[in-house]
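User: Can you walk me through this one? I'm new to reading structures.
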Amino acid sequence: MPFDVFRLREHVVQEYRDYVESFVHVLDPRIDEFVRARLAEGELWPEAALQLNPAYEPGPTLGELSASGAILADTALFFGADLRLHRHQAEALAAARRGDNYIVSTGTGSGKSLTYLVPIFDMILRDDPARHSVRALIVYPMNALINSQIEALSAFRAANWPASPVQFAQYTGQTREEVRQQLLQDPPHILLTNYVMLEYMLIRPQERALVGETTRELRFLTVDELHVYRGRQGADVAMLLRRLRQRTRRANLQCAGTSATIATGGDRATRRAEIAEVGSRLFGVQVAPENVVDETLQRVARVPVPATAEALRDAVEISPPPPNRAAVGGHPLAAWAEEIFGLTSEDGRLVRRPPISFVEGLAALAKTSDLAPERCAEQLKAVFEAGNQVALPSGEPVFAFRLHQFLASGGSVHATIEPPDWRILSMQGQVFAGGAGGPETRMLFPLAFCRECGQEYYLADLLGEEETPRLVPRSPLLNAIEEDEGQPGYFALEQDGLWSEDEDLPDNWLDPRTGSIRERYRGHIPQRVFVNPDGSLAAKGVPDAVEGWWQPRPLLLCPRCRASYDLRETSDFRKLVTLSQTGRSTATTILGAGAILGLRGDDSVPVEAQKLLSLTEIARTPRCRPGI
Ligand SMILES: [Zn+2]
């Protein structure tokens, strides 16, 4: 049984769903049904988007490039003469050879690093590699990228040319002191570093041996992932690169960058012009739009996409292709899948299609072919499976696809202040409910639920001591509120004898000596109020107003289950729950464990592939520099 990523997705989503549902305890049957229906519809876990990695058009091998004189035979030797480039890699090499500044903007896994490593090696091998000095500087945004690049270069050297004279080394905060000293004594040809370390190299006198005016050897500067430098950080790095050029007295320093593909919505010319502009600003030298190298894609399928319902039906009905390239490329359902999930054309050029979910694609297939969705799903998965087992000349699978699963931490349930049988319920964050009575007369309030009994509370601020007092919705996310914005608290509808003025108060509210209520708790006795659907307080007997109880924050009593709290417990988090309180770190733990356990439970996944890569974005402040 082959590995089924769709099944893993189901498993992970189910774990998350169980977790979220575990703390949804709602007393009111209508709200409970509403919440469960929304969760069942996948409000928090939409269908995964399927992204088919398109195939790149192939270019020459390094051996062919050296035969034509474009690169040295030694350069081809280091990286492997048989290594076949993608067309965009060959285009970047041509720009490098012309001496132009260039930027490679292609998808992930498109071999961006070869687009600067090959020219750098070629340049060093042409110019006396026996002389040790820093000729090329490669700046990465993260040390993890530096480490993996060093590993990749070491692997090339070990496999192809262990005695290669070209020296490369990393120079970061992780580099040990004795290694640093060695590098200062005997500089490598290629230095891989991050922008923070580069700044130190320009400041600290002892590091001038690497990039100083005495060497004047630096000829090639690469900035990897240059799209990450934005705003203030972008300005900092741009200044740093200008200082570097000034320090090394290299007006004609050749600059190369890589960038993620950016979707600006414009056409190709606009996109290239924009990337060229970003690169020119960062490097402080002109990057021409025609030197922005983008990807050239090709179809895997060699048969036309089925154009009629009948042809599509036939494509589903014939057996799925065996796992070889010719069979996959010649299968009409593969052609259809590539078109729907992978490629579209723009001015006659193939470009990536924005991802859609597997379910959406499947629905289209079932509709057009008029076949059962189960049958379509089975055949479509078989086509993906076959395509995933066959490799292109680049080593990539023919159908390399990824699932993108978005998970939301729940939105809040909102309700209008109206009788339970017909109040409006919503998961959207809007303030006014539509419908009869005019759009602006019925306000939606976020709800929180008692953790003990599930009683719902409207989150509100009570405003206006002097004019007509009114309740306004309060976001569950905001805990601190300005004094003059009213009194934060909770409103509960009177229903099934929720409370009355002659109920007994909790024991801990009373003074044990006198038996009367402690002064500090007096303000927390539930207050009977009548509220109009627009939130304004009304007198008893006003037609649309509903009766209920107001309690200021912190909540000290649930009138339904009589759970009572001490005034010292100022946080209501332990007492009440909203759907949005999934807790990011707990959710991450649930998802991580779900993914790993799901992989472990699947015999078709080799042990070494049972891995999870997790990236967390940390808000950066100017003082926080994780690069070193
Ligand atoms: Zn309760």
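Predicted model: local features only at pLDDT ≥ 70, side-chain atom pairs only at ≥ 80, totals over all residues.

User: How do S13 and S14 run, and how many bridges join them?
Analyst: Strand S13 (residues 343–346) and strand S14 (residues 349–352) run antiparallel, and 4 bridges join them. As an example, threonine 344 has valine 351 in S14 as its bridge partner.

User: What holds strands together in general?
Analyst: Strands of a sheet pair through backbone hydrogen bonds, either parallel or antiparallel.

User: OK, what is the order of the open sheet of 3 strands?
Analyst: The order is S15-S1-S16, and the pairing is antiparallel. Strand S15 (356–357) and strand S16 (400–404) are the edge strands, each pairing on one side only.

User: How many bridges are there between S1 and S16?
Analyst: Strand S1 (residues 49–53) pairs with S16 over 5 bridges, in the antiparallel sense. In one of these strands, S16, phenylalanine 401 is the bridge partner of leucine 52.

User: Switching to metal. What are the protein donors of the zinc ion?
Analyst: Cys450, Cys453, Cys558 and Cys561 are the donors, each through its SG atom, lying 2.3 Å from the zinc ion. The site is tetrahedral, with angles of 105 to 112° among the 4 donor atoms.

User: How are the donor residues spaced in sequence?
Analyst: The spacing is C-x2-C-x104-C-x2-C. Cysteine 453 sits in the loop between strand S19 (444–450) and strand S20 (456–463), while cysteine 558 sits in the loop between strand S25 (546–552) and strand S26 (576–577), so this pair ties together parts that are 105 residues apart in sequence.

User: Is cysteine 453 buried or exposed? And cysteine 558, buried or exposed?
Analyst: Cysteine 453 counts as buried because its relative accessibility is 11%, and the cut-off for buried is under 20%. Cysteine 558 is also buried, at 1%.

User: How many disulfides does a search of the whole structure find?
Analyst: The search finds 0 disulfides. Another cysteine to look at is cysteine 255, which is buried at 0% relative accessibility.

User: Where is phenylalanine 23?
Analyst: Phenylalanine 23 is in the loop between helix H1 (5–22) and helix H2 (29–40). With a relative accessible area of 18%, phenylalanine 23 is buried.

User: Now the inside. How many residues has the largest nonpolar core?
Analyst: The largest nonpolar core has 38 residues, and Phe79, Tyr102 and Ile190 have the most contacts inside it. Elements that each supply at least two of its residues include helix H5 (87–98), helix H6 (114–126), strand S5 (102–105) and strand S8 (190–194). H6 gives the largest share, 9 residues.

User: What does phenylalanine 79 touch?
Analyst: Leaving aside residues up to four places away in sequence, phenylalanine 79 touches Leu62, Leu114, Leu117, Val118, Phe121, Leu153, Phe156 and Asn160. Apart from the core described above lies another core, of 36 residues, among them Ile103, Leu241, Ile275 and Ala276.

User: What do nonpolar side chains tend to do?
Analyst: In soluble globular proteins, nonpolar side chains tend to be buried together.

Terms used: Residues numbered from 1 in each chain as written. Heavy atoms only, no water. Disulfide = S-S within 2.5 Å. Buried < 20%, exposed > 50% of the residue type's maximum accessible area, 1.4 Å probe, protein only. Pairing = 2+ DSSP bridges. Core = buried A, V, L, I, M, F, W, Y, C linked by side-chain atoms within 4.5 Å. Contact = heavy atoms within 4.5 Å. Donors = N, O, S within 2.8 Å, 3.2 Å for Na, K, Ca; no water. Tetrahedral: all angles 85-135°; square planar, octahedral: opposite > 155°, others 65-115°.
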